[in-house]
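Here are a few friendly notes to read alongside the picture. Take them one at a time, and find each part in the viewer as you go.

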Amino acid sequence: MARFISRRLLLSLITIWLLATIVFVIANVLPNDVGRTILGPFAPQESVDALNQQLGTDRPLIVQYLDSMRRVVTFDYGTSYVTGQEVLPQLAEAMLRSSKLAGLALLLTIPAAIAAGLYAARRRDRPVDRGIVLLGVTSSSIPEFVTGTILVVIVGVQLGWLPVLATPPPDADILTQVRYLLMPATAMAIVYFGYIARMTRAGTIDVLQSDYTRTATMKGLTTGQTMRRHVLRNALIPTVAVIAVQVGYLFGGIIAVEKIFNYNGMGQTMLFAAQRKDIPMLTAGAIIIGIVYMLATLAADMTMAWMNPRIRLDAER
Amino acid sequence: MDYPKLDKVRRSAVPLQLDVVEAFAAGRLSRREFIQRATVLGLSTGAIGMVLAACSSASPSASGAAGGTTGGTIRIASQKPVSVDPVAMQDLGGYGITAQSFEFLCTLNSKGTDIAPGLALKWTPNADGTVWTFDLRQNVKWHDGTAFTADDVVATMERLVKAGNSGLKGVLPPGGAVAKDPNTVVFTLSGGNGNFPYLVSVFNAQTLITPKAYVAGTTLDKVPAGTGAWKLKTYNQQTGATFERNPDWWGGKTPLDGLQFIFFDATGPMVTAYQGQQVDAIVQFDVLSGKSLLTDPNFSIIATEAALHRQIWMRCDTGQFKDKRVRQALAYTFDRPALIQQLFQGKAQLGNDHVIWQGYPYFDASVPQRAQDIAKAKSLLAAAGVTNLTADLHAGQLLEIPDLATLLKSQAQQAGITLNVKVESLDTFYGAQWCPKTPADPPCSGAAELGIVDYGHRATPDVYLNAALKSKGIWNSSQYSSAAFDDAFTQFQTSVGVDAQKAACTKIETILNEDTPIGLPYFYNYLAGNSKKFTGVYSSALGQMIFSAASKTA
């Protein structure tokens, strides 16, 4: 297992280096004048040149690249080009907010989706199964910004049941925070419910049809025992992989939902940085989201290896 | 006319003030223009009232919002500030936050249209407008309890001059501000300037007076300070800020206990937040995303008339618009009232293809207003020998501009002009179409032959004239070069009297309308607003919303 984990960690480091390089290349290949972007189109050219010199963005690209890599290794991302504030504390705040939203969304989605998938699989081709499949396809087909907007209009504005902004007042208690986050989390949960439920259903049907499940049933195990000891462990492997990918996405890719609910998580922070060519913020944010992806994937790999030792053996070979 | 009263003011006025008084008495200035100019030139409120009383039966209007209750907090939707460094900030979000704690020498009047005494009670120019003396308000304290003095003003001005503040550059030299005594500052300018009080007012957003101990780069969130009505309590650049009442404010006790700013990246969610009753006021919105607010009976719209406008530049030096008849022809296709109605639901004023906005005291309304005249446009094109004119109309993806481009296209079509609308991201538009970096001399000589560019509000038109229209101006994308215009602009800059400024503006308006280097179809209003649960809120056109007199409606 140690060899398995160390191989995964090594691959993760290489991926992060590639990620940092790609972010740097994209940020510098696109039409780019950092000073002009920050000061705006009407600023005098001499002010723009002075700012570029101050930020070091007028240096040769290779020098900037090496500096950028040094910052990745030392985890020193310096200050934002735009706000002049330290990058990491700002990202830490954004990350904390994203964690809360993603955590609540996963909490709403995973138990319901797995339960629905299992329930449908055991009642394959019956009306309830078809209903769950239809619900899953429908919910995952509607983008979260559509769901979010509908929720805002109906639940927030017309009914006034929940706040339309996701950011709670300063010093809000946990229950208040949950209340503020409930609507955006629900918008996200509706989309992911479909993916996870369908994946669970497919995996379970596959395992229910396998020889070892039939053997377990024939040797006299009850349905509950068969499900717990043989089906769940194998049926949920693809589901775990899907959830791992969704975790990474939930942390960095939910810009639309964050925008609708005016929630300053990683998505909005990264968008703000990208629009203003705030390269330190953009690089650090991409690395952090990359690390979250890596950790989620690593956790999924380890979980799958624990659930099915053949996966671990294959990887070690 | 009550001459004894008028003479009383005449005897105490300095030459520039006298010039305004005489212009009003002779009917050359409207009441509004007189009040604006007299305030700028430092005529006291009592003297202004006396002149008004002497010249008409009307008395100065009494101000004051309807009474409300005390206590409570107002929640304000604001753009996310990029910076709250009073000297270096460049965005409306930053202007709105810093202006709650810090104050200007000349603040905003309660109509949001002009200046009024702020930290300076009175300002007086010498005869040629080269030296201005500002009498400061006494017994003003900083939030930490220390006394506000002239030294704070001098130090602030030095920081601004050193930082190259765009309004003060070339006007106030280093060392130009001197403390005569703790309550008086004397500004010795590089040359005569009749508009100087505007340059140290709310209309030059960085000129907030900061403590002497502030250094360049100090931000409000790191070192909360100020003399204003509100003390910064919490600040988070991503989410919002809160302010509490300054109990020692010179203006007295504010009706509200505090302010809560909530930051947004876009207008749409601000409107939704208001509809969901999570904010009470919106610092700025546009007609397109805030359409529902315009018809909301529970929302008070603050529509501040402003010099905000779009310029449709046409290259004068090369290409299809080189002949001024072709430029005039395109301008004659504009259906300005229809544009104002469709794009702003009427919340804009007509433009006349020049940058002298109707709100400027030196605007001359006698220059004939250009209106849509398709027959004339066709005849101008024919006279210029142009048939089947086809051009690309470049525009940035900003607010109503893409819609404006589409409407202009359909209007131009009536005169046989084909415009191909090319909408691009703002970065690409500014860098590739409006004012490319190269060739650098003359500036903007790489600009497209036709495009639409946005201009913000300015308290005086100097920037529009100097940068966009003067020969070799740094934003002169039409490459307009006219000795007559340059002379008229110089005349305007060096004029300090009302009559002289107006005379220069008449020339400027006439020349620009005739030469048509730019089409300018409208000046649109700055829109802000608040729930009718609150009263006494007003706003500038630069994102500064004022809450010192705001209260909950009874």
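**Notes on the model**

1. Let's start where the two chains meet: chain A brings 30 residues to the contact and chain B brings 26 residues. Two residues are in contact if their C-beta atoms, placed from the backbone, lie within 7 Å. On the side of chain A that touches chain B, at least two residues each come from helix H2 (34–39), helix H5 (87–122), helix H7 (144–158), helix H12 (255–260) and helix H13 (266–275) of chain A. That side of chain A divides into 15 nonpolar, 13 polar and 2 charged residues. Here Ala, Val, Leu, Ile, Met, Phe, Trp, Tyr, Cys and Pro count as nonpolar, Asp, Glu, Lys and Arg as charged, and the others, Gly among them, as polar.

2. A word on how to read this. The model is predicted: local features need pLDDT of at least 70 and side-chain atom pairs count only at pLDDT 80 or more, while totals for chains, interfaces and linings use all residues. Residues are numbered from 1 along each chain as its sequence is written, and chains are lettered from A and ligands numbered from 1 in the order in which they are written.

3. Now chain A as a whole. Its secondary structure comes to 15 helices and 0 strands; helices (H or I, at least four residues) and strands (E, at least two) are DSSP runs, numbered from the N terminus. The C-alpha atoms of chain A fill a box of roughly 85 × 60 × 35 Å along the principal axes.

4. Next, look at a pair of helices in chain A. The axes of helix H8 (residues 174–208) and helix H10 (residues 223–235) of chain A come within 8 Å and cross at roughly 135 degrees. The axes are lines fitted to C-alpha atoms over the stretch in contact, and angles run from 0 to 180 degrees between N-to-C directions. H8(A) and H10(A) are therefore oblique to each other; angles under 35 degrees count as roughly parallel, over 145 as roughly antiparallel, 65 to 115 as roughly perpendicular and the rest as oblique. From H8(A), the contact uses Thr200(A), Gly203(A), Thr204(A), Val207(A) and Leu208(A), and from H10(A) it uses Val231(A), Asn234(A) and Ala235(A). These divide into 4 nonpolar, 4 polar and no charged residues.

5. Over to chain B: why is helix H15 (residues 462–469) of chain B largely enclosed by the rest of the structure? Because 6 of its 8 residues are buried, namely Asp462(B), Val463(B), Tyr464(B), Leu465(B), Ala468(B) and Leu469(B). Their cover includes strand S13 (299–314), strand S17 (450–455), helix H16 (483–494) and helix H17 (498–515) of chain B.

6. Strand S2 (residues 73–79) of chain B is also largely enclosed, because 6 of its 7 residues are buried. S2(B) pairs in the parallel sense with strand S11 (residues 258–264) of chain B over 7 bridges; strands pair if DSSP finds at least two bridges between them. Ile74(B) has Leu259(B) of S11(B) as its bridge partner. S2(B) also pairs in the parallel sense with strand S12 (residues 281–282) of chain B, over 2 bridges, where Ile76(B) is partnered by Ala281(B).

Notes. Buried ≥ 20, exposed ≤ 12 C-beta atoms within 10 Å, placed from the backbone.
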